Amino acid sequence: MKQKLIIIGAGMATGRALETLLDTAPDAYDVILFNAEPRGNYNRIMLSPVLAGDKTYAEIETHTPQWYADNGVTCRFGERIAGIDRAAKTVTAQNGDVLSYDKLMFGTGSNPFIIPLPGHYLEGVIAYRDLEDTERMMGLGPDNTCVVIGGGLLGLEAAAGMAARGVKVTVVHIMGHLMERQLDEAAGYLLRKALVDKGITIKCSANSKEILGKDGHVRALLLDDGTELPCDLLVMAVGIRPNVALAAEAGLAVGRGIHVDDQMVTSDADILAVGECVEHDGAIFGLVAPLYDQARVAAKTLLGEAATFVQKELSTKLKVTGCDLFSAGDFADGDGREDIVFRDPGRGVYRRLVIENDIIIGAVMYGDTADSNWFFGLIRDKTDIARMRDTLIFGPAYQGGTPLDPLAAVAALPRDAEICGCNGICKGQIEDAITAGATDLGAVKATTKASASCGSCTGLVEQVLAVTLGDDFVLPAAASICACADMTHEDVRRMIKSRHLTSMPAVWQECGWKTSCGCHVCRPALNFYLLADWPLEYADDPQSRFINERKHANIQKDGTFSVVPRMWGGITTPDELRAIADAADKYAVPTVKVTGGQRIDLLGVRGEDLPAIWADLNAAGMVSGHAYSKGLRTVKTCVGTDHCRFGTQDSTGLGIKLEKTLWGAWTPHKLKLGVSGCPRNCAEATCKDIGVVCVDSGYQISIGGAAGMDVRETDLLVQVPSEREAIDVIKAITQLYRENARYLDRIYKWMSKVGADWIKERVVDDLEGRAALIAGFELSQSIYRRDPWADHVQQKAQSYQPLATLQMEAAE
Amino acid sequence: MSDWIDIAALDDVPQRGARVVKTLAGCVAVFRTATDEVYALNNSCPHKGGPLAEGIVHGDKVTCPLHNWVFSLETGQAQGADDGRVETYPATVENGRILLDKAALNRRSAA
């Protein structure tokens with residue numbers, strides 16, 4: 001006698017279970033199939049190609065009405081289940097029908113998660129889940145704009161599909177890079193670049209605040225930074241939640257999903273569950289491979305056969321045309337884990353393997369995923385890769401042969417092979433130059449221009465040198481930025497400018513970083529280069545800063561901090577002094593010291609007290625003195641014409657103006673200025689990074705002094721007649737230094753590399769160039785000329801407190 | 001069986017950053033990596049007592065802010081030429097919350 005099976009939900013998992021059941025034992029069960037959607041089983045994964053216009057619904061329909069009829073399945077589509085009586089073993093349909101079952105199978109799938117933002121109920125706010133949603137999106141065209149919240153797999157496929165229809169799409173993602181669960185930052189960067197090329201606007205680290213409407217229909221998305229993104233349709237693709245409501249109501253054990261055992265049986269022995277609605281061993285499922293495994297197991301369980309569901313390694317591919325991307329396994333950093341990273345900036349290729357105990361445990365690939373199945377096999381089978389480790393990253397084609405010699409590849413290039421793409425220089429031209437006497441990189445660069453622009457072919461040019469000169473060629477020992485990279489600081493800066501690299505992952509990829517996310521040496525340098533070159537595009541990354549700049553105070557040897565409020569030009573008032581004294585009392589500051597930069601240092605402040613002491617100093621009108629920064633520190637002055645009988649100009653006034661112009665600016669290293677009112681030079685201006693000595697006829701500006709590890713007198717750059725011009729020249733010098741010097745070079749070190757004449761040409765002789773430098777400086781200052789103490793008091797005070805304070809007893 | 005105590009939300013610690021948890025036996029630094037792993041270490045460098053929570057986090061390592069010693073967050077072992085180890089404590093994340101092992105912290109207080 002046939003048993004009765006009722007299935008709730010006609011999705012991909014129950015569809016596969018049904019197929020297996022009918023294939024194995026077509027006469028075992030009478031099947032009734034309920035589905036809330038008014039249709040049967042279709043391949044939900046292929047909705048994205050339908051959206052993009054690459055496929056039609058008919059092509060993705062898995063089970064047609066004919067199939068159900070042929071197999072004797074009673075379909076009740078468009079109908080929900082109102083309730084389940086487990087004791088009576090019946091279900092009640094929406095229309096009141098009561099149907100009995102021997103076995104019941106849940107395939108209720110999942111619900112898209114809708115963020116309860118104000119306005120989420122507006123017309124035009126949808127999820128991306130079923131054919132109806134897809135059709136809504138397909139209704140848009142080139143006159144429409146759409147915002148997608150969520151930069152995960154589904155959100156990006158929705159965005160790309162709509163962009164292919166000409167819709168203007170913006171993706172808003174709360175995390176720092178796209179698909180952060182599947183991709184590391186470097187691959188996320190390449191993906192972003194490809195999507196931007198498709199005309200999609202991507203906003204990462206963006207928090208949605210409110211959905212704005214007009215006449216009940218969505219009008220725009222408002223971000224918490226005040227940006228308004230107009231849209232005709234808003235798609236939320238931020239994740240799914242297993243649909244457990246009916247199961248919970250029926251009294252089945254549920255957690256995040258419906259609890260099932262290894263046989264896909266729920267807490268009721270006659271009820272099974274498969275698909276996205278289940279929770280197995282703590283995990284829930286969104287990808288198709290495990291769902292199909294569950295379906296097979298469930299079908300066998302229904303037939304009384306032994307079968308066990310085992311969770312397996314999963315891999316992900318993005319179904320967006322032109323974005324080849326693959327990720328599998330675990331690619332988090334960890335102890336005992338090593339990375340093998342391969343980057344080909346020219347082709348936009350990134351591969352990263354994470355290896356533990358000679359076994360690949362994770363892989364991320366972008367740009368060239370041809371070998372992904374091979375790598376996935378190595379992960380799944382836990383293959384020992386020790387023997388092929390050297391060539392592993394290149395894929396299966398390079399295993400087993402003799403190790404490749406990179407020089408052999410260069411030697412094999414024809415003479416007309418282009419080496420330097422920027423300047424169109426071929427291998428032959430470089431060989432000729434070498435034969436003519438250009439026997440090192442600098443000489444080749446000077447005579448042919450090869451590698452003289454963006455610098456990314458430097459390695460190739462060196463290899464041509466090596467091949468041509470043989471043993472006569474000694475690779476120059478140019479120090480790279482750190483062990484993470486082969487490029488020098490100068491190369492990296494050039495790449496950031498010429499390739500318009502505006503994020504750290506962009507630099508890591510395009511400059512061939514060998515680590516996944518840099519180190520404490522390169523990250524602060526890159527953070528400076530990026531914010532100096534792209535003040536608008538790049539947002540300062542506090543986590544890439546040394547603690548002093550992250551917490552805007554100088555760390556002391558006992559972990560306390562020092563606090564130095566700014567005293568413009570060294571001038572203070574009784575009120576300021578009283579406020580400093582009060583703060584020193586209130587926070588029990590152990591040491592109060594007058595600094596060499598004409599201000600007062602409060603030493604020994606506890607980290608937790610920083611926001612409070614800053615708030616007190618702010619209230620008295622004082623701001624951060626940046627005594628901790630690679631940036632403008634102090635402008636030391638003498639009293640000048642105000643009081644001094646020898647003073648020739650208002651040196652104090654100029655010092656204050658300079659400090660108010662330059663403060664807040666980040667520079668490669670610290671920047672200290674001095675302004676003396678006469679050549680007696682009481683402000684010691686001629687041993688500062690930039691010094692001004694006032695004379696009767698104007699202002700002598702000199703640069704490159706030092707009074708630390710090295711002691712050095714400044715070089716005179718120019719004398720200018722007016723205070724205005726003195727300020728202009730100093731702004732231009734500062735900006736030139738910011739744009740060109742290597743991180744941690746003071747001006748005198750930078751000057752020893754580029755020459756004082758080179759600086760003079762740009763800030764003294766070339767007035768247009770000077771104006772451009774000043775404009776660049778002012779642009780940057782429009783963002784950075786503000787008090788970080790006040791900002792932190794308002795926005796970050798909590799982060800200075802302990803995460804928690806535990807008052808525990810000692811061990812019981 | 002670990003007895004976990006709820007410390008704070010994962011998002012209270014910045015990625016590639018750290019915050020401290022105060023205990024009767026001194027501070028424990030709770031680190032969060034770029035890939036959202038969470039580690040708990042004694043907040044004191046064995047070299048000169050530098051507060052490791054203030055260091056730069058890179059990969060699964062942290063660099064002490066005082067003299068640039070680098071430690072593995074997982075084992076607490078000093079890297080490279082430096083020799084030393086920082087005590088580590090079990091830490092985990094569940095449902096977006098950071099959890100520390102009570103017993104391990106208690107042993108610490110008693111020590």
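## Basis of the strand pairing

Two strands are taken to pair if DSSP finds at least two bridges between them. The model described here is predicted, and the pairings below were computed from it.

In chain A, strand β24 (residues 349–356) is joined by seven bridges to strand β25 (residues 359–366), and the two run in the antiparallel sense. Within this pairing, A:Ile355 has A:Ile360 of β25(A) as its bridge partner. The hairpin of β24(A) and β25(A) has two residues between the strands, and A:Asn357 adopts a positive phi near 50°.

β24(A) also pairs with strand β23 (residues 337–344) of chain A, again antiparallel, through eight bridges. Here A:Tyr350 in β24(A) is the bridge partner of A:Arg343. Four residues lie between β23(A) and β24(A) in their hairpin, where A:Gly348 in the turn has a positive phi of about 70°.

## Contact between chains A and B

At the interface, 27 residues of chain A are in contact with 39 residues of chain B. On the chain B side, the elements that contribute two or more residues are β1 (4–9), β2 (17–23), β5 (56–58) and α1 (102–110). Of these, β2(B) gives the most, with six residues. By class, the side of chain B that touches chain A comprises 16 nonpolar, 13 polar and 10 charged residues.

## Strand pairing across the interface

β2(B) also takes part in a pairing between the chains: two bridges link β2(B) in the parallel sense to strand β39 (residues 804–805) of chain A. In this arrangement, B:Lys22 in β2(B) stands opposite A:Thr805.

Methods
Residues are numbered from 1 along each chain as its sequence is written. Chains are lettered from A and ligands numbered from 1 in the order in which they are written. This is a predicted model: local features need pLDDT of at least 70, side-chain atom pairs count only at pLDDT 80 or more; totals for chains, interfaces and linings use all residues. Two residues are in contact if their C-beta atoms, placed from the backbone, lie within 7 Å. Ala, Val, Leu, Ile, Met, Phe, Trp, Tyr, Cys and Pro count as nonpolar, Asp, Glu, Lys and Arg as charged, and the others, Gly among them, as polar.
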